[in-house]
Every structure is written in C-alpha cells, then in structure tokens.
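Please look over the model below before reading the notes. The points are numbered so that each can be checked separately.

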There are 2 protein chains.
Amino acid sequence: MRSEPGGRSRLTKSGIVATARAIADAEGIDALTLRRLAHELGTGQSSLYRHIADRRELLQLLCDDLAESFPIAPPCSTPASWLRTHWALTYDFLAEHPWAAQVIASGEILAGGGEDVPRRVAEVLVAAGLAVDDADRAVRALWNLVLGHLLNAHPFGHLDGGPPLIDCRADYLWALDALLSGILRPGCAAAAGGEGQHG
Amino acid sequence: MRSEPGGRSRLTKSGIVATARAIADAEGIDALTLRRLAHELGTGQSSLYRHIADRRELLQLLCDDLAESFPIAPPCSTPASWLRTHWALTYDFLAEHPWAAQVIASGEILAGGGEDVPRRVAEVLVAAGLAVDDADRAVRALWNLVLGHLLNAHPFGHLDGGPPLIDCRADYLWALDALLSGILRPGCAAAAGGEGQHG
DNA sequence: ACCTGAACACCGTTCAAGT
DNA sequence: ACCTGAACACCGTTCAAGT
C-alpha cells in the first residue's frame, strides 16, 4: 500500500478514499473501520484525522468519489428507451457497490448521483415534454425507486417454507417500466387517484 | 417502568419490545442500545439475553410489532383512489417512525409491512385488472418507492447556498401518482422503453 | 508541521457466580 | 430457573508527546 517502496508514503485524501473504497467494495461498509483503514494504509488511526474530520466525512468522500464514475447511457432513438437503458445501468452499477445505498440510507450523507448525470436525465425528460419542475420530480422519483429496490432486496422473502427467492433485478425493471410510463404519459402525473386531494 | 410498583416486574418479550419502541420513536435507532434499554427496564444488560438472542432479533421484533399497526385505507369508490389514499397513509405512518425504514435498509431485517396489508393491496390490484404476478410486483414496487422516498429525504438538497428544501411528502405523492398510473394503465407495464430488452 | 501510542467513553456479547 | 456484575473484544475520537 506504500506508493513509494523505498520511503514513507505521505497520506493523502485521495489515497485514503481509494483504500476505503476498496475495503467497502470487497467486504461491505461494516468492515470499513478507521482502525482497519489505518492498518491497511500502514499508519496509525489518529493519523487519519489529519486529513478527514471524522468518519462521516470519509463516507461523504466515498459517495462523492463513486458519483464521479456513475454510468450514463449512450444516445438512443427515443427518450423512453434512453431512460429505461440509463436507469437499468444505474441499478446495475449501484448493485455492485451495495455500501453506497446503505450509506445514503443511514441519513448522514446526502447524495443524488453527482451533478452532471441527474442534469442530463432532467434534460431528456424536458425534451420528452415534461415541465422543468416535473422533470426534477421525476429524477428524484426514479432515483428513490432505485434506492428502495437496492435496499429492500430481501423483502417478502417468505421465511417459512421460503421457496421463491425473488429476482430483484427483474422486479426493479418491472417497476421502472411502470414508473416511466406514468411519468411520460401525456398530461403527466397527478391524475391517478382522487380529485384534488393533493395536500 | 415497573409493571408492579411493589414487587419486581418480570421481564417479558413484549415489555422489552414496547420499551425499545418508545426509545426508538423518541430518540432514533442509534439511541436504542442494549445498555440503555436495560437501564430503562431497571435491569442489567445481560438479563435481556434471556429473552432475545441478540440485537438483530430485537430489531426484527420491533419491525414485526410496527407491522401489526400498519394503517389500511377504508373502502373507496375506485381502486385507483383507494390505492392513492392507502399509500399516502403508509408514507405518513412510516414517516412518524423513521427508524423502521433505516432498520429495513440496514439489510439485517426482512420486512414488507406484515401479512394482511400487502395481501389486501394485491387483491385491489387484481380487482383492478392486474394479473396475480403483476399485482405482487406492483406491491413490491409501491413499497420500495415509499422506502426510497423515506430514506432519501435529504437528497439533491443543494448544500451551497442551500435554499430550496424540498417538500418530501409532495415529492412522494407526485411519484406515487406516476407509478400508480403506470401500474394501472391498460395493458400493464413493460411497454415504456425498448422492444424486447427485458433481461 | 506532521505523525504517533496510549487513553477515553462507548458498543454488543459472554460467562462464572449468585439467589 | 432466573438474574447479575464484571470482563472481553471491539468501535470512533482525543490528546499529550514525539520528530
């Protein structure tokens, strides 16, 4: 883990984050303790505090780091098919880093997938005919749907007898199609349920 | 906290769960430590282990206990309006117990809101014309949407300048309307995006 | 200026010992 | 049979002390 084999490698923020991400990817977020991280970096625990304020900031940096490598779907024939492809990619990407959704869900961190990606999604939605406000709401709805499906991967998993393990990805894609068709339908949302009970 | 003021109250599972829920409701899940719980019950930490296996089981019991008091919407004119009312109720109920979503998201627990409530929702969806399999998928989609919106309450909350705190409930209701209209539209989901790329 | 070991105040869990 | 205090192996964080 030393960057200079001969001498001592100075600790850097990016080096800390890279090692932390490796631990979290390999063994989950609970394995990422400051003691473990320091040991992996060949230093003492208290040395980390010279570069990060506390564990919360480490997790924030970890999420920011991941957000930079978020996937974005290539151009596509229709907005609908681009959106479906893009949010399937997002699911697959986050499914490979389960710690990310857990960290977001812990409530300490605020994250929404960087800056560029959600803006691009909103642009496609506006191009598809949505008002700007509705496009932002739709981005948040899609993001929260992904998050819910990633975090609740084991629900309804009938323990007694426990036969049918659910295909989580297929489940998500079904929900994604439903949400997208609701978002993109002419006239937009807010017509499903009651008449005027929007408070 | 003693049930019999004169003598010593015997510890019971339900008593433990009730006190645990009170702590979690009042101060959040992090405040619910076994030491704190034992102290609140007027006993020692190790005494708890005579009634629960470990902290994981305590959280499971806590979720089961909450699931029993889940709300269910009264009968309504149309399936669509019942579903909207019901899932708005579910959001409001869970928003009052933020620890529940966090516990589910931690991955240790499996929960889906009890037994009766999701079955009733599925019945309404079938009555609205969905196939049985699709009704189950729709229940999971709606549940995961609630979960995502509850857990990700602070996202996109622009820190720099930080003006526009999002109205989370309104955000959720917008997403709910979109998802419901996608679920209930004739022909059902799976037609939004590409042609046949359902893998 | 930068790093460190030892300590502090926690945590869940266990276990020999009490009644 | 039921409960308990003390201990164990952790955690994040702090701080006086080193170079």
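The notes below take the DNA contacts and then the helix packing.

1. Basis. This is a predicted model, in which local features need pLDDT of at least 70 and side-chain atom pairs count only at pLDDT 80 or more, while totals for chains, interfaces and linings use all residues. Residues are numbered from 1 along each chain as its sequence is written, chains are lettered from A and ligands numbered from 1 in the order in which they are written, and side-chain values use heavy atoms, with hydrogens and water left out.

2. Surroundings of DNA strand D. DNA strand D is surrounded by 17 residues, and the closest are Arg35(A), Tyr49(A), Thr43(B), Ser46(B) and Ser47(B). A residue is near a strand if one of its heavy atoms lies within 4 Å of it. Of the atoms of DNA strand D that come within 4 Å of the protein, 41% belong to sugar and phosphate. By class, the surface near DNA strand D has three nonpolar, eight polar and six charged residues. In this scheme Ala, Val, Leu, Ile, Met, Phe, Trp, Tyr, Cys and Pro count as nonpolar, Asp, Glu, Lys and Arg as charged, and the others, Gly among them, as polar.

3. Elements and polar contacts at DNA strand D. At least two residues of this surface come from each of α2 (34–40) and α3 (45–48) of chain A and α3 (45–48) of chain B. Helices are DSSP runs (H or I, at least four residues) and strands are too (E, at least two), numbered from the N terminus. At the backbone, a polar atom of Arg55(A) is 2.9 Å from a phosphate oxygen of DNA strand D. A polar contact is a pair of N or O atoms within 3.5 Å.

4. DNA strand C. There are 16 residues around DNA strand C, and Thr43(A), Ser46(A), Ser47(A), Arg35(B) and Gln45(B) come nearest. Sugar and phosphate make up 41% of the atoms of DNA strand C that come within 4 Å of the protein. The side chain of Arg35(B) places an N or O atom 2.5 Å from a base nitrogen of DNA strand C. Polar backbone atoms lie by phosphate oxygens of DNA strand C at Leu34(B), at 3.1 Å, and at Arg55(B), at 3.0 Å. Two or more residues of this surface come from each of α3 of chain A and α2 (34–40) and α3 of chain B. Its residues divide into two nonpolar, eight polar and six charged.

5. α9 against α9. Where do the two chains bring helices together? The axes of α9 (residues 168–184) of chain A and α9(B) come within 7 Å and cross at roughly 105°. Axes are lines fitted to C-alpha atoms, for helices over the stretch in contact, and angles run from 0 to 180 degrees between N-to-C directions. α9(A) and α9(B) are therefore roughly perpendicular to each other, a label for angles of 65 to 115 degrees. Both helices contribute to the contact (heavy atoms within 4.5 Å), with Trp174(A), Ala178(A) and Gly182(A) among the residues from α9(A), and Trp174(B), Ala178(B) and Gly182(B) among those from α9(B). The contact has 10 nonpolar, four polar and no charged residues.6. α8 against α9 within chain B. The axes of helix α8 (residues 132–151) and helix α9 (residues 168–184), both of chain B, come within 11 Å and cross at roughly 165°. That makes α8(B) roughly antiparallel to α9(B), the label for angles over 145 degrees. The contact includes Leu142(B) and Leu145(B) of α8(B) and Leu176(B) and Leu180(B) of α9(B). Its residues comprise 11 nonpolar, one polar and one charged.

How values were computed. Parallel < 35°, antiparallel > 145°, perpendicular 65-115°, else oblique. Polar contact = N/O pair within 3.5 Å; in protein donor to acceptor, adjacent residues only side chain to side chain.
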